[in-house]
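Here are my notes for you as you look at this one for the first time. Keep the viewer open while you go through the points.

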Amino acid sequence: SPSAVYESLTRAMHDSTFFMHVVLSCRRILFGFSLAALIAVPLGLVMGRFRLAHEILFPITEVLRPIPAIAWVPMAIMLWPTNEQSIIYITFLGSFFPILVNTLHGMSLVDPVLVRAAQCLGAREMSIFREVYFPASLPHIFTGLTVGMGVAWVSLIAAEMISGQFGIGYFTWEAYSLVQYADIALGMICIGVLGLGSSALIRGFGRLVMPWNRK
């Protein structure tokens, strides 16, 4: 009942262990998502600009993209020496492909007239990349970042439930194992609030870097 969930929340607010679960999940999201963004955005820009890079890398990414992040859990446990690293890796994989695909989509929609105009004005390749392609692709990049953040939370929670020892996903799964229904609901609500907050941060940052797109 709502009253039972509220009582569970009251207990959690006075329990340092619950806050540790939340902080660890947020740290894993920060590391995994940031690493995915730092790799996927430049890679998508390069693949969208240079045909050779696209022809080499796109088939590889299309083979790997349909594999659910949760299917990587056994492989991640074998690849990485600690559970913490394997969970961050799963979070990275979950957010990497949405960011990459949306960046590629943004590059494909850049108006070629703008590119030719820049070339006629004497712009070199790096200037065209910086002044034309990147700003024109930013709306789609931030769409990919927002979608990637949502998938990152899904991947993180699944990884924490399977192989984690701490985190909000582990908290929710432990509540299920102990038949504590109010804590299950509390964990789900907490996941939703954290996802909402992280997506809002991305959208707010997007409005700052794209003042021409605010309306």
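**Notes on the helix packing**

1. Let's start with a pair of helices: H2 passes H5 in a right-handed crossing. (A crossing is right-handed if the near helix is turned clockwise from the far one by less than a right angle, and left-handed if anticlockwise.) H2 covers residues 16-49 and H5 covers residues 83-108; their axes come within 7 Å and cross at roughly 30°. Axes here are lines fitted to C-alpha atoms, for helices over the stretch in contact, with angles running from 0 to 180 degrees between N-to-C directions. By class, the contact of H2 with H5 has 20 nonpolar, six polar and four charged residues. (Nonpolar is Ala, Val, Leu, Ile, Met, Phe, Trp, Tyr, Cys and Pro; charged is Asp, Glu, Lys and Arg; the others, Gly among them, are polar.)

2. Some ground rules before going on. This is a predicted model, where local features need pLDDT of at least 70 and side-chain atom pairs count only at pLDDT 80 or more, while totals for chains, interfaces and linings use all residues. Residues are numbered from 1 along each chain as its sequence is written, and side-chain values use heavy atoms, with hydrogens and water left out.

3. Now the overall picture. The protein chain has nine helices and zero strands, where helices (H or I, at least four residues) and strands (E, at least two) are DSSP runs numbered from the N terminus. Its C-alpha atoms fill a box of roughly 70 × 40 × 25 Å along the principal axes. Of its 215 residues, 41% count as buried, meaning under 20% relative accessible area; exposed is over 50%, and partly exposed is in between (1.4 Å probe, protein chains only). Take the contacts between residues at least 6 apart in sequence: 73% of them join residues at least 24 apart. Contact means heavy atoms within 4.5 Å.

4. H2 has another partner to look at. The axes of H2 and H7 come within 8 Å and cross at roughly 145°, and this crossing is right-handed too. On the H2 side the contact residues include Ser25, Phe33, Val41 and Arg49, and on the H7 side they include Phe129, Tyr133, Leu145 and Met149. By class, the contact of H2 with H7 has 16 nonpolar, two polar and four charged residues.

5. Which residues does Phe33 touch, leaving aside those up to four places away in sequence? They are Thr91, Ser95, Ile99, Leu145, Gly148, Met149 and Ile202. Phe33 is found in helix H2 and counts as buried at 10% relative accessibility.

6. On to the rings. The structure holds ten aromatic pairs. (Rings of Phe, Tyr and Trp, the last by its six-membered ring, pair if their centres lie within 6.5 Å; planes under 30 degrees apart are stacked, over 60 edge-to-face, and the rest tilted.) One of the pairs, Trp72 with Tyr89, is edge-to-face, at 6.3 Å centre to centre and 85° between the planes. Trp72 lies in the loop between helix H3 (51-64) and helix H4 (73-79) and Tyr89 in helix H5, so the pair ties together parts that are 17 residues apart in sequence. Both are buried: Trp72 has a relative accessible area of 18%, and Tyr89 is at 17%.

7. Phe129 and Tyr133 form a tilted pair, 6.3 Å centre to centre with 40° between the planes. Both lie in helix H7 (residues 125-163), four residues apart, about one turn of the helix. Phe129 counts as buried at 16% relative accessibility, and Tyr133 at 10%. Back with Trp72 and Tyr89, ring pairs link these two with Trp80, Phe92, Phe96 and Phe97 into a cluster.

8. Is Ser8 buried or exposed? Ser8 is buried, with a relative accessible area of 2%. Ser8 lies in helix H1 (residues 2-13), and a polar contact of 2.3 Å joins the side chains of Ser8 and Asp183. (A polar contact is a pair of N or O atoms within 3.5 Å; within protein, one must be able to donate a hydrogen and the other to accept it, and residues adjacent in sequence count only if both atoms are side-chain atoms.)
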